[in-house]
Protein chains: 2
Amino acid sequence: MLRQTLRPGHAAHWCRQMSVVAKSLKYTQHGEPQDVLKLVEDQLADPKDKQVLVRILAAPINPADINTIQGKYPVKPKFPAVAGNEFVGEVICVGENVKGLQAGEHVIPLATGLGTWTTYGLYNQDQLMTVPKKVGLAEAATVTVNPCTAYRMLKDFVKLSPGDTVIQNGANSAVGQAVHQLCRAWGINSIGIVRDRPEICELKQLLECLGATAVLTEAEVRTSDIFKTGKVKRPKLAFNCVGGKSATEVSRHLDDCGVMVTYGGMSREPVTVATGPLIFKDIAFRGFWMTRWSKENYDAPERKQMFKELFELMEQGKFVAPTHEMVPLEKFKHAAAEALNFKGFTGKKFILNMRE
Amino acid sequence: MLRQTLRPGHAAHWCRQMSVVAKSLKYTQHGEPQDVLKLVEDQLADPKDKQVLVRILAAPINPADINTIQGKYPVKPKFPAVAGNEFVGEVICVGENVKGLQAGEHVIPLATGLGTWTTYGLYNQDQLMTVPKKVGLAEAATVTVNPCTAYRMLKDFVKLSPGDTVIQNGANSAVGQAVHQLCRAWGINSIGIVRDRPEICELKQLLECLGATAVLTEAEVRTSDIFKTGKVKRPKLAFNCVGGKSATEVSRHLDDCGVMVTYGGMSREPVTVATGPLIFKDIAFRGFWMTRWSKENYDAPERKQMFKELFELMEQGKFVAPTHEMVPLEKFKHAAAEALNFKGFTGKKFILNMRE
C-alpha cells in the first residue's frame, strides 16, 4: 500500500516493481570492526505508514562509529545492528502517511544511531531531514556531526562578536576545519595549533585557505607574541580535542573569563587545570557532546536554524567537507582500520560511497 | 569639623578630646609576615566629609592575607600598607557628610584590601556596612570572605533545591564549615570529604553538628555506596579547595551536568580532568574568587540580600564562625606563621583581638 509519488523517473518506477535488497555492514557483538562487521544482504519491506525508503549515496566513517562498534562509546546499539551514524541518501519511495517528502529528494538523518553503512535504509519520516540538492554529497553526508559540533561550540559557551578570537588544538581535525570556516564566515579570528610534521607548510596553507587567521605548531605557540602584541585579541574561547600538555598550553592563552571546551581526547591524557587560572582568571573548563545536544534539541528552532545556515554556506561554496576520501562499501575493512588511527582523527575522513 | 553624633557615651565623648593613635601591622615590601610586618603607631586625623573613624574590635588572619604580604596574591597593595582585609569594628565618630551611621554601631568592610590589622581605621562610609550588634564578633569579623564564598558557590553555579546534594573536599576548612551550615539551613545534603587523622571521630562529629549530612575520609569515599544506594542523591555541585587526586575523586561522584567549583589549591597540585566525563557527562570545571565577585557586585541587590540572610542565620545561632582562636595583636608573628600551614587552612582561624 504505497502512496505512489507522482514524480516521474527511474526511482519511482523501480519501486513499483520489487522490494529492495540492502547490502549492510552489520555486527552482532562488539569488537574490532574488521572482525565483527559482516556484509549482509537483507530484503527490505516496502515503506508503510510514515516510513521512507532511502537509497544511501554516501556515509562517512567517524571515530565515534568505530568506538560504538568496539563497545567503547556511551551509545549502545541493539544487536544485530547496522553500523554507522551519518549519511546522505535519495528518497526512493514513501509510505502512505508521509507528507511533504518525495522520491528523488536528498535526505540526511535527524536522529542518531540509525545504522547507515548500508545501500538502502527504511526510516521514519521524523528521523530524516531534507537537504538541498545543491549541497555536495560529501558535505551533506558529513554535516550532522563535525560542522554541527563546531557551530554549537562557537555559539553556546561564550558570546562572540566579529573581531573576537578562538583558539584550538587539533586544528586540522574535521571539527577544526569546520571551526575555521565558520569563523571566516562570521568574522572571528581563528588560531589553530597543530603538531609539527614534515608537510607543515602545506598544512598551514590548507588551514589558512579554509579560514584560519594563523596556524602555529605546539612549539611556536609557546613563544608566539601574537596575543601580546595585540595583533589578535586574546581568545575568549578554546577548543580541545587532544588533552594533556596540548590542552594546558592552549588554555594558557585564554583571556579572563575564557572557556575551554573539550570535545575529544586524542592523546588519551586528561586535561590538567591549574588552580590559579580557575580562581583568579575565572577560566571555565567545559565539555561538548553533539549526540546529547541533538537529542535534547531534536525539534528545537535552534537546530533548524543551524542546518539552514550550514546549508547556505555549503551552497555558496563557503563551507566544504573535511579532507576526505571516498571508498566503496567493499573496502570498509581498510577504511575502518584507518579511521581510528591518528591520521583518521586529524587527517582525512573516509566516506563510504554507495553509488556503484 | 566633626558632625558630632548625639548618642551619649564614652566613644563620642572621647572623640571630642583628642585625635587617635592607631597601632597597625604595616609592611613596606613583600616577604614573610614575621620578617616584613612592623607594629607601627600613627596618629590618625579626625574624620572629615564622608570619613568614619572605626575602632577595630577583631580582624581575622586569612591565608589570602598572608599571600598578599608575600606578594603571591593577585591583589597588590600600595606601600606602606596596613595588612589585613576583614574586620568588625565600632564606629567612634563620623565626618560631617556621613549619613545614617552613628557612633557605637558595628561595621564590617564592604570594600576589600582596606588594611585591617590595626587598632583604629579611617575609612569612607561607602567602604563600610553596618552589622547588627546581635551578630557575634567572631562571626561579624569573618563574614565577608568565607561565608560569602560558600553562599555564592551554592547559589551561582547550579540551581539547587531541597533534597539535592553538594560534595566538597577540605570539608573542615572555614568555607567548608560555612557550606555545611548553609546547606542545613536550606535543606540541602552536604557530603564532606576530609583527610584521615587520629582525631577523625571528633572531626566528623563536629562537622555533622554543623550540618554535614555525612563526612567521609578520602579512603572511605572511594568505596562508599552512599550515592549508589540512592540514600543521598548524586551531587549536582562539588567544591574543591585541594586539587590533585582529591579533586579528581570528588568530581567522579558528580551527577550528569554537575559542576565542580575550585576555590583553593591546598595540595598545590592542579585539577586533573578526565576527558570522558567532560564530554559524555557534561561535567563543568569552574573557579570562584570572592574578591572578583565583590568588586563586580559592589552595590548589587544580590550582595545586600546575601548579607541579610547571613546576619539572620547568625543572629538565630544557626551559623557560627569557623573554628578559631582569638589572639592579641602583639602575638601576630606566631599567628601569621601558623595561618598558612595546613592547620591554618583547614583547621582553626586566628582572629586578632584588638580589645585590650
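Me: Where in chain B is B:P80 found?

Reply: Quick heads-up: this is a predicted model. B:P80 is joined to B:F79 by a cis peptide bond, with omega at about -10°. As for its place in chain B, B:P80 is found in the loop between α3 (63–70) and β4 (81–82).

Me: And in chain A, which residue does a cis peptide bond join to A:P80?

Reply: A:P80 sits in the loop between α3 (63–70) and β4 (81–82) of chain A. Most peptide bonds are trans. Here omega is about -10°, and the cis partner of A:P80 is A:F79.

Me: What rotation superposes chain B on chain A?

Reply: The shift along the axis is 0.0 Å and the RMSD is 0.0 Å, with a rotation of 180°. That makes it the relation of a two-fold axis. The same surface serves both copies, as 100% of the contact residues of chain B recur in chain A.

Me: How much area is buried between chain B and chain A?

Reply: On the residue level, 28 residues of chain B are in contact with 28 residues of chain A. B:I279, B:F280 and B:R292 lose the most area on the chain B side, together 28% of what that side buries. Carbon and sulfur atoms give 62% of the total, which is about 2200 Å².

Me: How many nonpolar residues are on the side of chain B that touches chain A?

Reply: Five residue pairs are in polar contact between the chains. β14, α10 (275–280) and β15 (284–287) of chain B each supply at least two residues of the touching side. That side also has six polar and six charged residues, and the nonpolar count is 16.

Me: Is B:R268 buried or exposed?

Reply: B:R268 is found in the loop between β13 (259–262) and β14 (271–273) of chain B. Its phi is near 60°, a positive value in a residue other than glycine. Exposed means over 50% relative accessible area, and at 77% B:R268 counts as exposed.

Me: How many of the eleven residues of helix α5 of chain A are buried?

Reply: Helix α5 covers residues 146–156 of chain A and is mostly covered. Its buried residues include A:C148, A:Y151, A:R152 and A:L154. The buried count is nine.

Notes: Residues numbered from 1 in each chain as written. Chains lettered and ligands numbered in written order. Predicted model: local features only at pLDDT ≥ 70, side-chain atom pairs only at ≥ 80, totals over all residues. Heavy atoms only, no water. Least-squares fit on C-alpha atoms with pLDDT ≥ 70 in both. Contact = heavy atoms within 4.5 Å. Buried < 20%, exposed > 50% of the residue type's maximum accessible area, 1.4 Å probe, protein only. Helix = DSSP H or I, 4+ residues; strand = E, 2+ residues; numbered from the N terminus. Buried area = accessible area lost by both parts, 1.4 Å probe. Polar contact = N/O pair within 3.5 Å; in protein donor to acceptor, adjacent residues only side chain to side chain. Nonpolar A, V, L, I, M, F, W, Y, C, P; charged D, E, K, R; others polar.
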